[in-house]
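User: I would like to go through this model and see what stands behind the labels used for it. Please set each value against its cut-off.

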Amino acid sequence: MRSLNYVLAGGEALKASLVTQLDAVWQGTLINLYGPTEATIDSCSFVATPQAAQDIIAIGRPLDNVRTYVLNDGLAVCPVGGAGELYIAGDCLARGYFNRAALTAERFVPNPFDSQGSRLYRSGDSVRYRAEGVLDYIGRLDHQLKLRGLRIELGEIEARLGELEAVREAVVLAQEVAQGTQLVAYVVAHGTDTSGLPERIKAQLAEVLPAYMVPSQIMLLSALPLMPNGKLDRKALPLPDAVHAGAAFSAPQGELEQRIAQIWQDVLKREQVGRQDNFFELGGDSIISIQVVSRARQAGIDFTPRSCSNTRPSKAWPVLRGRARLRRGSTKGRSAVSWRCCRSSRCFSSLPSPTVITGTSRYCCSRASTWKPPRWSRRWLRWSITTTRCA
């Protein structure tokens, strides 16, 4: 990273702890960018330093041709230090939402500070001004949040859960666990037969929601905790780790499982990982699966991120045990390619494993000395072959 001078961070709130970690290994300039899509992505910027007093780094000052206002419910300006909603104006604003006039009118409102008929965009973010004119980000005013750069509406997930026959009540929260922020659904089920219910709920949600909005964990409760006034007591909801602590532990068996379990423990920051544990329920996701694969290859174990993603709804180890292999021996100067079955009916599960392909071209199978794939398969191979440069 020595040749890297600038890093631009955006998409979600930047935590001070992350800035401190980066500063310990890199001495360049980190710039925190803020802006919704409706305001052409970036509206504010701030040079982040590890000396920040807040847990969340400030979003700074508006860019050129952008104006920002901190207003209350009556569109009056909030005093310095007072929390309010962030409104954005300027040349950066979009025209509106395509074929959604009602939503456009709700989010893009007339600008009371301009007599030329301009508009303000209501960001839905709670902010406050410092005395020096820097904007501090506080959080969302509604149940909307950003997770790994993707905008998520918790109310929409709860509505989809409420449509399921097996669900009587449900609430979805973004919980902080050792691996980061996860979506957790707390569900009160109809009836007493809840065997396999979390897996069925995930499968049903996956049919109507994008993958990033499907909760990582479904936690079944006998009833949602309530405060004396009848409102939901969100602080009384159990953390995901508390539930897993009481689950039965089944130790990994054999050299391969033990080595994979150690990798999972290191990446997922778990004290122990059992052979029946689910990668996603332990806090894994598609990004973390890439880290697992990288660690595994360094340890001489070959499998793909798909091997982790196909472990749903549970029982990850039998799948991984069938797909992973320990790399032994040497094929110096060649690329060892592990062929594994996928869901496609035209997969190459009948090929020997591993098949060795000569040459150094990136996924170039036309130079294969052992086997040459048909033309239609080239694109499939690009995504399905796991190549590892052997020592």
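Analyst: Labels and their grounds

Just after helix H6, Lys-269 takes a positive phi of about 60°. The model is a predicted one.

User: What makes up the protein chain in helices and strands?

Analyst: The protein chain has ten helices and 19 strands. Of its 391 residues, 41% count as buried. The accessible surface of the chain comes to about 21800 Å², and 51% of that belongs to carbon and sulfur atoms.

User: Which residues of H6 are buried?

Analyst: The buried residues of H6 include Leu-256, Ile-260, Ile-263, Trp-264 and Val-267. Glu-257 and Gln-265 are also among them.

User: Why is the pair Arg-259 and Glu-255 called a salt bridge?

Analyst: The rule asks for a side-chain nitrogen of Lys or Arg within 4 Å of a carboxyl oxygen of Asp or Glu. Arg-259 and Glu-255 have an N to O distance of 3.3 Å, so the pair is called a salt bridge. Both residues lie in helix H6, four residues apart, about one turn of the helix. An α-helix has 3.6 residues a turn, so residues three or four places apart point the same way.

User: How many salt bridges does the rule give?

Analyst: The count comes to seven. One of them joins Asp-125 to Arg-140, with the closest N and O atoms 2.8 Å apart. This pair links distant parts of the chain: Asp-125 is in strand E8 (residues 119–129) and Arg-140 is in strand E9 (residues 135–140), 15 residues apart.

User: Why is Asp-125 called buried, and what is Arg-140 called?

Analyst: Asp-125 has a relative accessible area of 6%, which is under the 20% limit, so Asp-125 is buried. Arg-140 has 23% and is therefore partly exposed.

User: What makes Glu-169 and Arg-168 a salt bridge?

Analyst: Their side chains meet at 4.0 Å, N to O. The cut-off is within 4 Å, so the pair is counted. Glu-169 is partly exposed at 36%, and Arg-168 is partly exposed at 45%.

User: What makes a set of residues a nonpolar core, and which members of the largest one touch the most others?

Analyst: The members must be buried residues of the nonpolar kinds, joined through side-chain atoms within 4.5 Å. The largest such core has 20 residues, and Ile-152, Leu-154, Ile-157, Leu-161 and Ile-201 touch the most other members. Strands E10 (144–147), E12 (167–177) and E13 (180–189) and helices H3 (154–162) and H4 (197–208) each supply at least two residues of this core. The largest share, four residues, comes from E13.

User: Which residues does Leu-161 touch, leaving out those up to four places away in sequence?

Analyst: Leu-161 touches Val-167, Ala-170, Val-172, Ala-185, Ile-201 and Leu-205. A contact here means heavy atoms within 4.5 Å.

How values were computed:
Residues are numbered from 1 along each chain as its sequence is written. This is a predicted model: local features need pLDDT of at least 70, side-chain atom pairs count only at pLDDT 80 or more; totals for chains, interfaces and linings use all residues. Side-chain values use heavy atoms; hydrogens and water are left out. Buried means under 20% relative accessible area, exposed over 50%, partly exposed in between (1.4 Å probe, protein chains only). Accessible areas come from the Shrake-Rupley method with a 1.4 Å probe; for residues, only the protein chains shown count as cover.
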